[in-house]
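Welcome! Let us take a friendly walk through this fold, beginning with a pair of helices and moving on to the sheets around them.

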Amino acid sequence: MSLSPPPAPTGFSCPVPLSHRTEITVGHGGGGRLTQELVDRVFRPAFANPALEAQHDGALLRLPDGSRLAFTTDAHVVSPLFFPGGNIGTLAVNGTVNDLAMCGARPLWLSAGFILEEGFPIVTLQQVVAAMREAAAAAGVSIVTGDTKVVERGKGDGLYVTTSGVGVIETRLTVAPASIRPGDAVILSGDIGRHGMAIMATRAGLEFESAIESDCAPLAAPVQALLDAGLEIHCLRDLTRGGLATSLVELAESAKVAIAIDAAQVPVSGLVQGACEILGLDPLYVANEGRFVCLLPAAQAGRALEILQRTAPGGTPVIIGTVQTGPAGQVTQRSIIGSERIVDRLSGEQLPRIC
């Protein structure tokens, strides 16, 4: 006797987005596996060049006189526009400043582009622009050029901001994924998950004993302090979309090394941990806007911790892991009870529109 297969359930969709889709999904903007597939499938083949292939937070460019610049660009679509600890303006400035800093550059100049929806309140725009002015002053950069476009009512969701930045590289080092070496220590500058959970708590209307504030902050000062101390910084990466986990996977793949981290050493505040548990999220994948990892020779890690303790936002910096020879591209996490698991990119979008 043959059995017929059960009828397919109605109203059910697979939670894991399939690769090679024919249309863009929200997951393509999440910084995880779909984002990487989109980059590899569309952008890298179209724009292939050595600067792009470095897969860094910005392009490292050498001028005819031998001096070097870092150049980066970013787009910001965060919702809501205002959140505890910042708004789309502070996020736009700090995000671009931080990408330049991760290249080992001293940020100098930014551009700003504004896509406005018809009907957007001018007073709100003035608040955002004022926040950008203050953030730029705090980071020591100037907004020197820009553009404005307006789209019809209902076609722009209020306000989007794009920023690009240029910084000068004064160090002799090449601070990039290609410089990572086995034996390097992996230092985390502070606690994780604040930005993403500040956004999600606001959206979900979650109320805690005290509000979760975004960690949005400029990172050029602590990076410059590390470089001024003469430390052999191999690579830096700020932990934005996809959080700590995705950033480490990207670095391991780019450098063709393995990275092992200890979960017990990764700091997460009680408020962020509680919010993650309520929403069913893993703090390792939650976005940050004022935290970074620093990879450098283990012998110099103690000195780096001392410097970051004085200069970096986010509490106490910690050594969370080490770089190993292989398997290439693999990141593993040792749990509090001693078991190990492989850390991978997310398949879809955990937190849409957090930056």
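Helix α3 (residues 88-102) and helix α4 (residues 122-139) pack at an angle of about 30°, and their axes are 7 Å apart. Here axes are lines fitted to C-alpha atoms, for helices over the stretch in contact, and angles run from 0 to 180 degrees between N-to-C directions. The two helices are therefore roughly parallel to each other; angles under 35 degrees count as roughly parallel, over 145 as roughly antiparallel, 65 to 115 as roughly perpendicular and the rest as oblique.

The crossing of α3 past α4 is right-handed, meaning that the near helix is turned clockwise from the far one by less than a right angle. On the α3 side, the contact is made by I88, G89, T90, V93, N94 and V97, and α4 supplies V128, A131, M132, A135, A136 and A139. Contact means heavy atoms within 4.5 Å.

## Ground rules for the model

This is a predicted model, in which local features need pLDDT of at least 70, side-chain atom pairs count only at pLDDT 80 or more, and totals for chains, interfaces and linings use all residues. Residues are numbered from 1 along each chain as its sequence is written, and side-chain values use heavy atoms, with hydrogens and water left out. Helices (H or I, at least four residues) and strands (E, at least two) are DSSP runs, numbered from the N terminus.

## The five-stranded sheet

An open sheet of 5 strands has the order β1-β2-β7-β5-β6, with mixed pairing; two strands pair if DSSP finds at least two bridges between them. β1 (59-62) and β6 (142-151) stand at the edges with a single partner strand each, so one side of each has no neighbour in the sheet. The twist averages 20° from one strand to the next.

β1 runs antiparallel to strand β2 (residues 68-76), joined by 4 bridges, and A59 stands opposite F71 in β2. α4 packs on this sheet, touching β5 (106-117), β6 and β7 (159-169), and its direction makes about 175° with that of β5.

## The seven-stranded sheet

Another open sheet, also with mixed pairing, has 7 strands in the order β9-β11-β8-β12-β10-β13-β14. Its edges are β9 and β14 (340-343), each with a single partner strand, so one side of each is left without a neighbour in the sheet. From one strand to the next, the twist averages 25°. α3 packs on this sheet and touches β9 and β11, its direction making about 165° with that of β9.

How many residues of strand β11 (residues 292-297) are buried? The count is 6 of its 6 residues, where buried means under 20% relative accessible area, exposed over 50% and partly exposed in between (1.4 Å probe, protein chains only). β11 pairs with strand β8 (residues 184-188) in the antiparallel sense over 5 bridges, with P297 as the bridge partner of D184. β11 also runs antiparallel to strand β9 (residues 235-238), through 4 bridges, and L295 stands opposite C235. Helix α9 (residues 301-311) lies across β8, β11 and β12, running at about 15° to β8.

## A buried threonine

T246 sits in helix α7 (residues 243-255) and is buried, with a relative accessible area of 1%. The T246 side chain reaches the backbone oxygen of G242 at 2.9 Å. Leaving aside neighbours within four places in sequence, T246 is in contact with G31, R241, Y285 and R345.

How values were computed:
Polar contact = N/O pair within 3.5 Å; in protein donor to acceptor, adjacent residues only side chain to side chain.
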